[in-house]
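Please keep the sequence and the coordinates at hand while reading.

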Amino acid sequence: MLGPSRSGKTTSLIIPNLLMTTRSSITTSTKDDVVRAMSGARRDGSTLLFDPSGTVDTPPGVRRVGYSPLRQASTWDGAVLATRSLVDVARRQHLDAGESHWNERAGALVAPLLHGAALGGETLGRVAGRVDARDATDLLNTLAIRYGEAHPSVALLRGVLATEERERSSIWSTASGLFAGVRTDAARAAAREAPLDLDEFLSGPHQLHVVSPSRYQAVTVPMVVGMIDEVVHATYDRHHDGARLLLALDELANVAPLPRLASIVSEGGGQGVLTLACLQDLSQARSRWGHHADGFLSLFPTTVVLPGIADRATLEMIHQLAGRTMVPAHQVQHSRRGRAQGYSQSWIERDVMSVGDVAQGRDGYALGLTDHKELRWIELTPSYADERFRPHLECVQPSRARSRER
Ligand SMILES: Nc1ncnc2c1ncn2[C@@H]1O[C@H](COP(=O)(O)OP(=O)(O)OP(=O)(O)O)[C@@H](O)[C@H]1O
Ligand SMILES: [Mg+2]
């Protein structure tokens, strides 16, 4: 979904989809407007809030949940996945290829440390402290006693610790950087909250709202990406038992710039995960996903374009996808004295839609690009005006954003 601010992303698409879906859902937002609306709609305790910046008030009837990569790291495979999330986020933040080697090596150090810490019941703060102090001895012992020397976690950690000193020092520094996003007070507070019960969450239509104001992005992105990755993988694992997840990612580029978005969209469809991603325009996507963003219009089977987009490249792309069409042209033939003598009909080729048509849109409508890349006008159904949705949202409380910062 592409649309600038106030074009209707939240009220015409996110909220109606949340009200209609029978799946469990994760919704991201920079504001608490959606969680407030949904807290009015559902009072059965199935609406959950993840607040990685620690700045959002909990609406009545909503339950807070936390996230820590340590929970996922309680199995070795989970530790590898949680570390991959941290490495991917770090790599995405420095799109420089030179960083990639160090991030990979740091990942080889961090995965065993996270797993050892999870087995030993340590806190996230304690593991971050161990990384800063370059101390792996205790955690290596925990792993070796538990598994023996042949286990990959032990072999990997011993391998990293045996590298030449200068290289080892760079690996520890990069590992410290990977923990930057989970070392904040807000992240540690989020790690202390009750974790999301994945079995319960995926067993029914529950809603998890991730609310993270833009100014906290730098510190919340690793936690948000880690949490979404964890729930996505849990859905894949439980897909054959009927688990279904809707990712309704508003403010995607700011709140949840998932490094593996493309694979979630392309592989997730067959494994129970449906992704609804909202961006202001494709230039916003390019700043986060680099050249991969150019393929977004073909990656997502369906695109909805709301009125008011200003980015020329986005408008050009939609205009080109709309293609050209043949239209009849009638010509009147005149006599020498100027009298109409007859008509002739020919066909001329014309753009289906000009760049201006795409930018301006139609009041109350969005442009839909179908999976066959045909353009359709779609009537919008704003949740505050449409009778199918409005009655569910009537007891919504006004927003009271908290200014408290931790
Ligand atoms: N309860 C309401 N009653 C009337 N109009 C509303 C109501 N809620 C929102 N609107 C209007 O609907 C339009 C779309 O709002 P919406 O919040 O859906 O936009 P958005 O695309 O999500 O914007 P943003 O990117 O700023 O979040 C805005 O002009 C807004 O003022
Ligand atoms: Mg919105």
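## Alanine 111 and its surroundings

Alanine 111 counts as buried because 26 C-beta neighbours lie inside 10 Å, where 20 or more are needed for that class. The structure is a predicted model, and the description that follows should be read with that in mind. Alanine 111 is found in helix α5, which covers residues 97-119, and, once neighbours within four places in sequence are left aside, alanine 111 is in contact with Ala79, Val80, Thr83 and Leu156. Leucine 297, by comparison, is 186 residues away from alanine 111 in sequence and 35 Å away in space, C-alpha to C-alpha.

## Overall layout

The protein chain holds 18 helices and eleven strands, and its C-alpha atoms fill a box of roughly 105 × 50 × 40 Å when taken along the principal axes. Of the 406 residues in the protein chain, 43% are buried. Among contacts with a separation of 6 or more, 73% join residues 24 or more positions apart.

The domain assignment divides the protein chain into domain 1 (9-66 + 197-318 + 356-393), domain 2 (73-185) and domain 3 (324-355). Between domain 2 and domain 3, the C-alpha centres are 71 Å apart.

Helix α1, made of twelve residues (9-20), reaches 16 Å from its first C-alpha to its last, which is close to the 16 Å expected at 1.5 Å a residue. Its buried residues are Lys9, Thr10, Thr11, Ser12, Leu13, Ile14, Ile15 and Leu18, and the buried residues of α1 pack against β1 (24-29), α2 (33-41), β4 (207-211), β5 (245-249) and β7 (303-305).

The surroundings of ligand 1 consist of Gly3, Ser5, Arg6, Ser7, Gly8, Lys9, Thr10, Thr11, Ser12 and Tyr384. By residue class, this shell around ligand 1 comprises one nonpolar, seven polar and two charged residues.

In helix α6 (residues 124-132), the buried residues are Leu124, Val127, Ala128, Arg130 and Val131. Viewed down the axis of α6, these buried residues fall within an arc of 155 degrees, so they line one face of the helix.

Helix α8 (residues 152-161) has Ser153, Val154, Leu157 and Val160 as buried residues. Down the axis of α8, the buried residues fall within an arc of 135 degrees and therefore line one face of the helix.

## Backbone angles and a partly exposed arginine

Arginine 134 is partly exposed, because 15 other C-beta atoms lie within 10 Å. Glutamate 251, which is not a glycine, also has a positive phi of about 55 degrees and is found in the loop between β5 and α13 (252-255). With 24 other C-beta atoms within 10 Å, glutamate 251 is buried.

Arginine 286 belongs to helix α15 (residues 282-289) and counts as partly exposed, having 19 C-beta neighbours inside 10 Å. Although arginine 286 and proline 259 stand 27 residues apart along the chain, their C-alpha atoms are separated by 12 Å.

How values were computed
Residues are numbered from 1 along each chain as its sequence is written. Chains are lettered from A and ligands numbered from 1 in the order in which they are written. This is a predicted model: local features need pLDDT of at least 70, side-chain atom pairs count only at pLDDT 80 or more; totals for chains, interfaces and linings use all residues. Domain bounds come from an automatic or database domain assignment. Helices (H or I, at least four residues) and strands (E, at least two) are DSSP runs, numbered from the N terminus. The expected span of a helix is 1.5 Å times one less than its number of residues. A residue is buried if 20 or more other C-beta atoms lie within 10 Å of its own, exposed if 12 or fewer, and partly exposed in between; C-beta atoms are placed from the backbone. Two residues are in contact if their C-beta atoms, placed from the backbone, lie within 7 Å. The arc is that of the directions from the helix axis to the C-beta atoms. A residue is near a molecule or strand if its C-beta atom, placed from the backbone, lies within 6 Å of it. Ala, Val, Leu, Ile, Met, Phe, Trp, Tyr, Cys and Pro count as nonpolar, Asp, Glu, Lys and Arg as charged, and the others, Gly among them, as polar.
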